[in-house]
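Hi everyone, thanks for coming. Today I'd like to walk you through one structure, so please have a look at it with me.

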Amino acid sequence: MKEYFQGDEFKDISKNGKDRKWKERKINNLNLAKIFDSLDYPDSFIFNIKSCAEYLNFKRSSDGSLRLFQMYTCKNKQCAICSWRRSMKYQVQISKIVEEAMIRKPKGRFLFLTLTVENVSGEGLNNELSLLSEAFNRLMKYKKVSKNILGFLRATEVTRNESMDTYHPHIHVLLFISPTY
Ligand SMILES: [Zn+2]
């Protein structure tokens with residue numbers, strides 16, 4: 001069991017040996033606060049981002065491992081800490097959904113589908129996302145598609161091409177389909 005003393009650098013290592021990289025994530029979070037500051041966002045808004053995970057309260061389990069017990073999160077969509085926590089929460093939820101789907105429809109099959117469009121400028125991004133979403137809804141309503149679909153999970157992602165200063169919106173879909181598709 002590792003004991004910590006004042007001035008020691010804290011390392012949060014998961015059960016499978018992965019460093020949870022609080023320091024790197026907190027640095028990214030502070031950089032985000034700086035960006036919002038340079039865009040003249042209100043002080044209270046900046047303060048909220050900076051407060052994210054400023055204090056971490058861990059509890060020691062009986063096996064000696066540390067478990068995160070309490071922390072404040074800013075809930076900002078761009079925050080590196082919050083999006084990491086959100087994705088962990090989704091992973092748990094998704095595995096529960098998949099498990100339940102397999103119980104209810106044991107013959108169902110899973111397929112991954114990625115739908116993309118050409119890169120767009122920052123100004124065009126909002127409109128492109130609406131178009132992409134509309135197109136997806138249309139696709140799911142096609143008879144050939146809809147009659148074979150038992151369910152789906154959808155996540156929209158936008159990546160950035162820094163050298164071209166463009167954005168790449170795309171949709172990831174986990175399809176649950178009937179075996180006769
Ligand atoms: Zn946050």
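I'll talk about a pair of helices and then about some salt bridges. Keep in mind that this is a predicted model.

Let's begin with the helices. Two packed helices are described by the angle between their axes and the distance between those axes. Here, helix α1 covers residues 22-38 and helix α3 covers residues 80-104. Their axes come within 7 Å and cross at roughly 125 degrees, so α1 and α3 are oblique to each other.

Which residues of α1 and α3 meet? On the α1 side we find W22, R25, K26, N28 and N29, and on the α3 side A80, I81, W84 and R85. Sorted by class, this contact has four nonpolar, two polar and three charged residues.

Now for the salt bridges. Side chains of opposite charge can pair when their charged atoms come close. How many salt bridges does the structure hold? There are five, and I'll show you some of them.

One of them joins the side chains of K23 and E9, at 3.9 Å from N to O. This pair links distant parts of the chain: K23 sits in helix α1 and E9 in the segment before α1, 14 residues apart. K23 is exposed, at 52% relative accessible area, while E9 is partly exposed, at 48%.

Another joins K11 and D19, at 3.2 Å from N to O. K11 is partly exposed, at 41%, and D19 also counts as partly exposed, at 27%.

Finally, look at E100 and R104, whose closest N and O atoms are 2.9 Å apart. These two are four residues apart in helix α3, so about one helical turn separates them. E100 is partly exposed, at 34%, and R104 is exposed, at 64%.

Key:
Residues are numbered from 1 along each chain as its sequence is written. This is a predicted model: local features need pLDDT of at least 70, side-chain atom pairs count only at pLDDT 80 or more; totals for chains, interfaces and linings use all residues. Side-chain values use heavy atoms; hydrogens and water are left out. Axes are lines fitted to C-alpha atoms, for helices over the stretch in contact, and angles run from 0 to 180 degrees between N-to-C directions. Angles under 35 degrees count as roughly parallel, over 145 as roughly antiparallel, 65 to 115 as roughly perpendicular and the rest as oblique. Contact means heavy atoms within 4.5 Å. Ala, Val, Leu, Ile, Met, Phe, Trp, Tyr, Cys and Pro count as nonpolar, Asp, Glu, Lys and Arg as charged, and the others, Gly among them, as polar. A salt bridge is a side-chain nitrogen of Lys or Arg within 4 Å of a carboxyl oxygen of Asp or Glu. Buried means under 20% relative accessible area, exposed over 50%, partly exposed in between (1.4 Å probe, protein chains only).
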